[in-house]
Structures are given as structure tokens and as C-alpha cells.
Amino acid sequence: MARSKTINQKLWGIHNWVGLYAGVVIAVLSVTGVLALFKVEIDEAVNAGYFKISQPDEPANFHPHVKQLIDSLKSEYGTSNLAYVRPTLDKSKNWIISFGSRGKNILQQRQNQIFFNPYTARVVGIRDYAKSFGLYIRSLHVRLFTGLVGQIWVGFGGLALLISTVTGILIYGGFMKSQFFGAIRSRNLKLKSADYHKMIGMTTLLFNLMIAITGTWLGLQVFLQPALQIKSPERYKRIEKPISKEEDTAYEVDYIQAFETSRALFPDLIPGEMVHSRDGSRTITIVGDVPKTAYQDKINYIVLDKKDYSELARYDIREESLGDKVYYAQEGLHFGNFGGTWVKLIYSFFGITSGVLSILGFVLYLERTKSKQKMKVNYKTTGKKIGLWSLWFTVICVVLYIMTSTLGVIIPTVVVTLVLNGFIVFYLVKYLFIFSKRGFRVLVKKLT
């Protein structure tokens, strides 16, 4: 059944205005999203001296003094501050042990990552993870360096992309039936932009729907989950507490034995982190991924008893309910956490197209406005403005990275939050003043 002209006009209006106002956010997220795909690879390349074992011909067996090395680090940095031990199956890479440090105030908090060679039992480097590229790009893409408020804005960006994609399907679906797919009319800039916009939009339709849905969920999860009454999958908790909290925190753990035991009991698990309990449950949990699955990082795990390393529980997403699979698939699908480098490259290609669609949509808007209002559009000036905005965005990102890499992620987050909120408050006050001034004039005119 054909839609009425009024409905089509409303769809056009929604598509145009949502795309116009959210286009900048979508373009920013498309660029930062590509960087987020390769945050691990970039981090390891920049800090190769930490991650890579310098002499690959070193012994292939674990050094017998690894336990003593970890125990000495626990004594130095505080057993209660131990966050995790991060092993790896790649024998060309070092292991990591991480300690948190609260400091006297929030600006002095640190997360020390100590890189050590498990085959020589030697420390090769120490860094503060709060100053890492991985945390920088995640803070930029997921939260726009403004904490929970930024995460919500990103969620609304995903919602805007979803609305634009759905309305685009309804608008352009009919046109695509009458026009050969990929045909570009070159009669004028308006038609050319429209055809490229349609072709790219329909080509990337499924990808944009997936990114929009998962991005909306991840950004607005804090509201959507309670509103939809969706419960998070339950994690294992040992009911009985065989020892006190103090004994549990100080309990000596042989991480090499825990690692090797987990490999024997759960061979498909690619270990990501080993985390020990502090609540008296006397457990050590090895979290990680299973191959050929598109789910959130480190959701699979096996729980061992610290005393004899016997298995207490395991979580294998392949054997869990459909609800658990859907819940954990959101982040995995959004960030391409499966399939390796080729999948990330494909994600990168399609991700950039979201930014291209925003630019083409803006050009199309200018052409339609020019036609309706008989106005002149200076594309040379417009191009310069877009280039200038892009330059400013790049400069801001570089400055934020320099601040993060030298001061940590907290200070730039505070600065961006204050500046952004300051701009929002300024413009709200400005327009409220303008509207109140106009309203006052109208009131005076009526009274006189």
C-alpha cells in the first residue's frame, strides 16, 4: 500500500533534521570508532618494548621463580592493591600484573601495569594504564571524555543513526526499485549527491543498523536495562566463606599453576586475566574468550579454589541461554571482537562510510535549501569551514592525548566536562535571555 504524501514529507523531515543535527556526532564516532577497533594493536605497537619479549630464543618453559617475583611485587605495591595478573598464550609477549593505587585524592590515582617475562622472571617495564592510548581512545569514543554524561550523548548518537537509517530505508526503498543500483546521475550536484547518498546508505544498511542498535544499547543501557526489566547474567559467587577476608586477601597464589590448571580443565578458554577473591571465598577466577564467538571481552571464565586449584564453576557462553548470548553480543558485535584483523578492516571501511553519509547528507541539504529559497551556496567557503572544523577536532584529540599520556585520563576528563558543560550553560542562558527579552517586548506592546 502506497504511503500518503503527508507521511512521506514527515519522513523526509525526520530524516533530514535528525541527520543534520546528529551528523557531526555520527561523523566523530565513526572516526574514533575505527581507532577504537585497533586500540590494542596501536597500544602494543607504540609500547613494543613493554609487550614484546626482546629475545625470542629465551627458554620456552616458565621460570621457577615467577611466583617469588609476583610475591615480591605484591609486597612492594600492596597485596590489597592487586587488580589482576594478565597472562598470554603468545610466547613472544610478556605477562602483566596490575596494581591500583588510590592516592590522597582522585587526581593521584594510578593503575600500575608491571610487565614481566615469565620465562626469565624479570620485570621489563612499568607504566600507568591511566596514561595509555587504549584508555584514551575508549574514553573518547565511548564517553567523549565526559564520563556518564558523554556515554549518554553517544547513546543518543546511536539512536539518531538508527532513526536516520530506518527513515532512509522507508524513503529510498521505493526509489531503488525504479533506479538501477549503483547508477549515479551526473546532471547536477543535487542528483549526484542524492544518488551517492542512497547507494552508500543501502550498501551499508545492515552494518549501520547493527552499529546503531548496539551503540544505542551500550550508551543508554543505564536507562534501557531497568526500563525494559532486563537482568544482567548472574556471575558465580561462592556462598560459603572458608576463610576471613584478611586471610583471603593475603593468601599466596601460584599463578603459573592456576594458569596451567585452567588450560587443562578449560582448553578452549583464551585466558585474559586472573583475578583473586578478597571476600573470604578463597577463589581465583581466570576470565577470557573462546574462539570463533562474537561476544563481549572476558565474559567466559573458570573459577578455581586457591587451596588445591580444583574447579568450582565455569561459564562458557556457547552453553548459556539465548538471553545471555544476546546480552553479551551487543559489545562484541559493536567493536568487532571476533575474526581478527580482517574483520576489523571490514568494520573500518563500513565505519568510515557513516561519516561520508553525514557529509553527503549535509551537501544534499544545502542543495535542497538552495533550490527552495533560491539562495547561493558557496561550496568553497563551506568546504573551508568543514576543513577547519576537522582541523580543530584533530587538534583537540591530539591535545587530549598529550594530556592523557602525561597526566592521566582523569584531568582531561574533568577539563572537557567543565568546558563542554560551560558552553551548554552559556548558550542556554543566552537563548533564554533572547526569548525572555522578546517575550517582554510583546508583553509591553500588548499593555500599551
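User: Which residue is the bridge partner of I96 in strand 3?
Analyst: F115. This is a predicted model, so read the pairing as part of a prediction.

User: How many bridges join strand 2 to strand 3, and do they run parallel or antiparallel?
Analyst: Seven bridges, antiparallel. Strand 2 covers residues 95-101.

User: And what does strand 3 do with strand 4?
Analyst: They pair in the antiparallel sense, over six bridges. Strand 4 is residues 122-128. One of the pairs links N117 to R122 in strand 4.

User: How many residues sit between the strands in that hairpin?
Analyst: Four. Among them is A121, with a positive phi near 60°.

User: Is strand 3 enclosed or open, and why?
Analyst: Largely enclosed by the rest of the structure, because six of its eight residues are buried. Strand 3 spans residues 110-117. Buried here means under 20% relative accessible area.

User: Other positive phi values. What about K292?
Analyst: Phi of K292 is about 60°, and K292 is not a glycine. The residue is in the loop between strand 6 (283-289) and strand 7 (300-305).

User: Is K292 buried or exposed?
Analyst: Exposed, because its relative accessibility is 89% and the cut-off is over 50%.

User: Where is K298, and what is its phi?
Analyst: K298 is also in the loop between strand 6 and strand 7. Its phi is positive, near 55°, again in a residue other than glycine. K298 is partly exposed, at 31% relative accessible area.

User: Switching to pockets. What is the volume of the second largest pocket?
Analyst: About 1,700 Å³. Its lining has 50 residues.

User: Which residues lie nearest its centre?
Analyst: V40, E44, D289, D297 and K298.

User: Which element gives the largest share of the lining?
Analyst: Helix 2, residues 39-46, with five residues.

User: How do the lining residues divide by type?
Analyst: 18 are nonpolar, 15 polar and 17 charged.

User: Zooming out, how many helices and strands does the protein chain have?
Analyst: 14 helices and eight strands. The chain has 448 residues, and 42% of them are buried.

User: What share of the contacts comes from residues 24 or more positions apart?
Analyst: 63%, counting contacts with a separation of 6 or more.

Note on methods:
Residues numbered from 1 in each chain as written. Predicted model: local features only at pLDDT ≥ 70, side-chain atom pairs only at ≥ 80, totals over all residues. Heavy atoms only, no water. Helix = DSSP H or I, 4+ residues; strand = E, 2+ residues; numbered from the N terminus. Buried < 20%, exposed > 50% of the residue type's maximum accessible area, 1.4 Å probe, protein only. Contact = heavy atoms within 4.5 Å. Pairing = 2+ DSSP bridges. 1 Å grid on protein atoms, 1.4 Å probe; cavity = no way out; pocket = protein on both sides within 12 Å on 5 of 7 lines; lining within 4 Å. Points joined across faces, edges and corners; volume = space filled by probe spheres on them. Nonpolar A, V, L, I, M, F, W, Y, C, P; charged D, E, K, R; others polar.
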